[in-house]
Amino acid sequence: MTNRYRVRFAKGVAAVLAAGLLAAACGSDKPGTPDSTNKPTSGTVGEKPTDKKPQPGGEISYGLEADTAGGYCLPEAQLAIAGIQVARAVYDTLMIPNADGEITPNLAKSMTANADNTEWTIELREGIVFHDGTKLDAEIVRDNLLAYAGLYAARSPLLFKFVFGEYTKGVETTGPLTVKVTLNKAWPAYPWFLYGSGRIGILGRAQLDDAATCNKNAIGTGPFALKEAVPNQRVVVEKNASYWQKDADGVQLPYLDKITFVPQEIEADRLTALKADDLQIMHTSSSNNIDDLRTLSKDGTLASIESNKFGEVSYLLLNGTKPPFDNIKARQAVAYAQDRQLGNERLSRGIAALAQGPYAPGTPGFLEDAGYPEYDLAKAKSLVAEYKAETGNDIEFTYTFSSDPEGVRTAEFLQTLMKEAGITVNLNPVGDQSTLINLAIGRGQQAIGWRNHPGGDPDTNYVWWHCDAKEGPCDNLVNFGGWNDPEINALLEQGRASADQAERKTIYENLNREFAKKLWNLWSNYTNWSIASSPKVHGILGPPLPDGSKPSDGLATGHSLLGLWIEQ
Amino acid sequence: MLEVKDVRTSFKTDRGLVKAVDGVSFTLERGETLGVVGESGCGKSVLSKTIMGLLPSNASRSGSIKFEGQEIGGPSIKHMRDFWGTQMSMVFQDPMTALNPVMKVGKQITESLRHHLDVSREFANETALQLLSSVGIPEPERRLKQYAFEMSGGMRQRVMIAIALACGPKMLFADEPTTALDVTVQAQILDLLEAQQAERFMAMILVTHDLGVVAGRADNIMVMYAGQSIEMAPTRTLFSQMRHPYTEALLKSIPKLNQASHTRLDAIGGRPPDLVNPPVGCRFAPRCPYAQAKCHQEAPPLMVHDTPGHEYACWFPVGTPQGAEALAKNQGSIGTAVGGQ
Amino acid sequence: MSEVAPMTEASPEPTQEEEEATKRGLGIAAWLAIGWLGCMVFLAVSASFLPLDDPINGSIRETPGVSYFTEGHIFGNDLLGRDTLARVVVGTSTSLSIAALSIGFGTLIGGFVGLVAGYVGGRIGTALSAMFDILLAFPPLLLALTLVSVLSPVTETDPPSRIKRMLVVALAVGLVSIPILARITRANALSWSQREFVMAAKSQGAKPFRIMLREVLPNVVPAMLSVALLGLASVIIVEGGLALFGLSINPPDPSWGNMVASQVDDLGETPHVWIVPSVFIFLSVMSLNLLGDVVRDKFAVREAAI
């Protein structure tokens with residue numbers, strides 16, 4: 001079965017352009033019988049504290065939603081959540097976010113900026129070694145950072161060049177364990193980018209310089225070392241006995257001896273495997289699974305942690321450079337015609353949290369009400385008429401989407417809804433994600449079902465929306481909508497330049513409201529993630545971070561595997 | 001009309017080159033019948049297919065075949081299509097398999113008529129009707145609309161003959177036309193062929209393993225053995241003064257009316273030789289009761305000896321003093337030369 | 001006209017075997033299969049005239065996902081409020097059209113190539129059959145998947161129309177079926193070409209093309225028909241396979257495969273939505289297989305390696 005779905009769900013490949021840019025549109029699935037459990041998630045729920053002492057040893061199988069075909073040469077890799085989860089086993093990032101939405105040092109002992117946030121000094125922890133025994137020092141970190149910026153000869157990154165290339169002026173070592181990064185412009189949120197949704201792991205020299213097999217030759221400093229990777233079958237990692245972190249009692253981390261990651265694309269089958277104890281832990285963002293898991297965890301059959309905190313948002317990515325969506329009336333008409341609550345009931349068992357803007361709960365800029373249009377069919381119809389009066393045309397557009405069952409249902413539902421308002425939708429299913437992404441890069445679409453923007457620092461979205469050009473279509477290739485909005489550009493610039501958290505919060509809230517007004521993207525819902533496990537499995541969110549703070553409880557970029565342990 | 005000179009046909013097989021016809025020459029005039037006689041595997045059927053140009057793709061032929069003065073023996077058979085049907089045609093051995101099982105017999109007759117003569121459907125049907133009644137098929141209208149499986153063997157062979165005659169060929173090959181038929185029907189079919197040949201003044205080559213079949217019907221008879229002609233003579237001469245021991249053996253294997261019914265027939269001992277590696281000398285020698293040392297060393301030439309028009313290839317011919325001596329010698333020394341284990 | 005001995009014998013009685021074959025008839029199962037397929041063809045042809053609900057735009061404001069025998073919905077409706085009966089009937093038309101088009105195409109091309117390979121033989125025949133073998137070495141579904149992707153690339157903004165998409169799917173599956181049909185035709189043509197009546201026709205001066213079409217082809221037809229019937233069954237299944245990859249006809253147009261595929265991620269929620277088309281697929285495939293076997297037995301089609 002695994003192979004049959006390979007073509008369809010190249011979820012691993014999906015994130016060519018990163019940040020969880022999964023294309024399956026709005027949260028999906030079916031309506032359940034109306035039930036008191038069918039409530040949208042809010043924040044993170046389900047974590048059950050245990051007073052049991054962690055038991056080191058043992059092994060578990062971890063069910064993933066996809067295989068990562070491209071491998072783990074991180075600067076060049078295209079990791080979606082399944083790939084990130086494996087990367088978090090093998091690699092450590094310099095920085096890591098905590099539960100309060102702050103970025104904290106991880107491999108780095110500290111990270112400090114000069115007064116105008118253009119020079120960052122990273123001091124590394126002592127005594128950390130890679131899986132191959134080589135030391136983590138300033139030189140290897142410098143070369144990693146250069147590689148991510150596209151300034152290191154052996155590596156040619158794709159997305160990360162967009163993110164870092166323009167800003168990175170230089171990286172140099174200023175001591176055996178000190179690295180100084182010089183930026184072209186002020187960038188207060190730079191430390192967030194060194195977490196990069198868990199993708200900016202530090203590679204060992206032997207991997208970083210490996211010309212031919214960098215994607216297979218995974219060498220990191222992470223809690224587990226890669227033992228075996230069989231495409232579409234499994235990825236096996238084993239305990240790194242000389243890992244640099246210990247728990248509060250001084251016990252060596254990680255606790256587990258071995259993790260076998262098993263890709264299983266079919267959501268329902270993954271849950272079945274968990275119930276059968278073929279898997280002991282899995283992740284899922286399927287509404288059906290999450291709904292079922294609520295029941296299962298209530299009676300104690302399974303445990304699950306559910307969260308949309310720092311999550312991604314699903315949305316209709318419109319092309320603002322072409323008719324009809326270059327006209328705000330068309331965008332508004334579609335927004336008002338979208339009965340999102342009905343869609344939630346019909347397709348997501350009513351458990352999806354409808355989005356008001358791009359920022360998920362927990363992220364600065366998140367608003368309960370950003371002024372996003374509420375469903376209003378009459379208004380939609382009159383906007384259709386206005387559009388017709390203005391342009392002489394009816395509103396008609398092609399909706400391109402990933403052709404898995406959820407994607408198809410969502411698309412058919414959208415088509416039917418739009419018909420009520422007199423808007424014609426042509427459906428264009430796409431079998432593989434890379435086609436979808438290529439279409440978006442070429443701005444060939446009119447509307448695409450999209451998922452992106454996992455939370456954390458809101459500045460991480462700068463790359464997706466900001467345009468340097470003052471006029472005309474956006475010169476930023478990964479602004480897939482192609483729109484160039486002066487207000488949004490200005491707000492993004494202010495947000496990036498500001499180091500004052502309160503001020504930034506206001507800026508991003510304004511940005512959120514601006515989006516609700518301009519409707520460049522039509523938000524659907526925040527993604528729920530759930531980590532479901534056997535009740536014997538504990539420690540999913542991990543031990544306290546090196547600086548003592550609580551680890552992030554958002555699940556959109558995976559979770560720490562350090563504290564995971566299983567009762568034996 | 002037909003002049004065949006030194007024709008050779010061989011087949012490429014995994015075992016080697018099978019020389020199925022190995023240097024045969026004869027001539028045939030219009031209105032004449034040539035009987036070609038021999039055991040199975042002696043090359044007689046291949047000979048007629050060689051002349052017709054109906055050889056499979058792994059066969060190659062050489063020598064000269066002239067039809068009405070025109071050379072038709074070349075390696076290409078493309079031009080043969082113009083001859084087939086109108087100049088020469090063939091009646092096959094087994095009417096069961098020689099008729100298309102899924103086509104009505106009327107259609108099978110009119111196909112070639114319409115193809116060659118470009119006549120109207122009505123005319124073709126009319127001709128087919130006449131043809132069927134001329135080959136003695138009662139109720140021809142009904143038969144035209146029937147399939148082969150609805151007819152008896154004899155009737156199918158009559159249909160075959162009608163098809164072969166449809167375009168008025170000048171020459172007819174009849175390849176064992178009665179072998180697959182009941183004894184009672186054999187004579188009828190042979191008579192039919194003879195009558196048609198006479199009426200249409202065709203040349204006919206009647207291929208058979210049974211000397212009795214050609215006895216009263218052929219003008220000339222050619223006896224073949226191992227791909228070669230070994231004796232050829234006008235029918236009367238052949239029966240009265242046969243010279244080749246093989247011809248004699250063939251004759252002895254036919255039942256005769258004047259013999260007592262329980263008389264034992266003489267079968268020919270042994271098997272025809274392997275045509276990939278034929279024996280040196282006379283090819284019949286291993287099975288020949290007359291054979292002497294010379295026969296195993298030197299092949300006798302096919303030539304006219306005493307009677308004009310009667311040629312044979314034998315060192316010790318039947319009915320000559322040499323032959324009698326050889327036979328006596330062999331009968332004295334038991335089992336020397338007689339092949340056949 | 002010369003004197004000709006008149007026929008003395010009577011026309012032969014049908015042999016015992018022939019008689020039995022006639023008496024044996026088709027059997028109940030075969031008649032049931034014919035009946036079912038007849039119904040399917042009727043539904044396919046009359047889908048747009050029957051008084052059915054809208055198969056595309058459901059009543060999303062009604063209760064969705066209701067089960068069998070709910071008011072107004074014999075087979076229930078799906079999560080978008082679309083009547084399952086209406087969708088399965090329109091799906092019948094789509095699935096059968098794809099099956100018929102592709103097998104028609106495959107039979108035409110495969111039959112012709114196989115006939116040439118079998119009749120002409122020699123190097124051409126060997127080369128052609130080597131080609132079939134190479135094509136047969138590819139897993140058919142994979143080949144069809146690739147072909148659909150190649151024939152209908154999704155680069156343009158405008159999705160292909162329903163008809164175009166159907167033709168693309170039919171063409172892809174038809175291409176896949178070519179070597180199968182070519183091979184069986186070649187095997188049969190080869191054996192029939194060596195029959196004496198072919199030589200007899202040749203000795204009457206018929207041209208090769210004519211011999212192929214008039215003498216060999218009619219004898220090969222039963223074998224082709226038998227394989228084509230089995231082929232139709234396979235196509236119905238392959239269409240379902242393509243649908244699982246989202247490569248059958250485009251949503252929202254229903255086909256049997258699309259309907260099943262739309263539910264594979266959750267079979268339990270509205271089971272009637274996939275069970276109904278599955279039953280249609282199952283019965284049709286079984287009927288076609290049965291009829292294929294009947295044809296083969298009737299005409300004693302020689303088994304050839306497929």
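In what order do the eight strands of the open sheet in chain A come? I read β1-β13-β20-β12-β2-β11-β10-β9, with mixed pairing. For the terms, strands (E, at least two residues) and helices (H or I, at least four residues) are DSSP runs numbered from the N terminus, and two strands pair if DSSP finds at least two bridges between them.

A note on the source: this is a predicted model, where local features need pLDDT of at least 70, side-chain atom pairs count only at pLDDT 80 or more, and totals for chains, interfaces and linings use all residues. Residues are numbered from 1 along each chain as its sequence is written, chains are lettered from A and ligands numbered from 1 in the order written, and side-chain values use heavy atoms, without hydrogens and water.

Next I checked the edges of the chain A sheet. β1 (44-45) and β9 (224-230) of chain A each have a single partner strand, so one side of each lacks a neighbour in the sheet. I found β9(A) antiparallel to β10 (234-239) of chain A, joined by six bridges. Across that pair, E228(A) faces V236(A).

Then I looked at helix α2 (81-90) of chain A, which packs on the sheet and touches β2, β9, β10, β11, β12 and β20 of chain A (contact means heavy atoms within 4.5 Å).

Last, chain B: I noted four strands in an open antiparallel sheet, ordered β2-β1-β4-β5. Its edges are β2 (17-28) and β5 (70-71) of chain B. β4 (59-67) of chain B pairs with β5(B) over two bridges, and F67(B) has Q70(B) as its bridge partner.

Conventions:
Axes fitted to C-alpha atoms, helices over the stretch in contact; angles between N-to-C directions.
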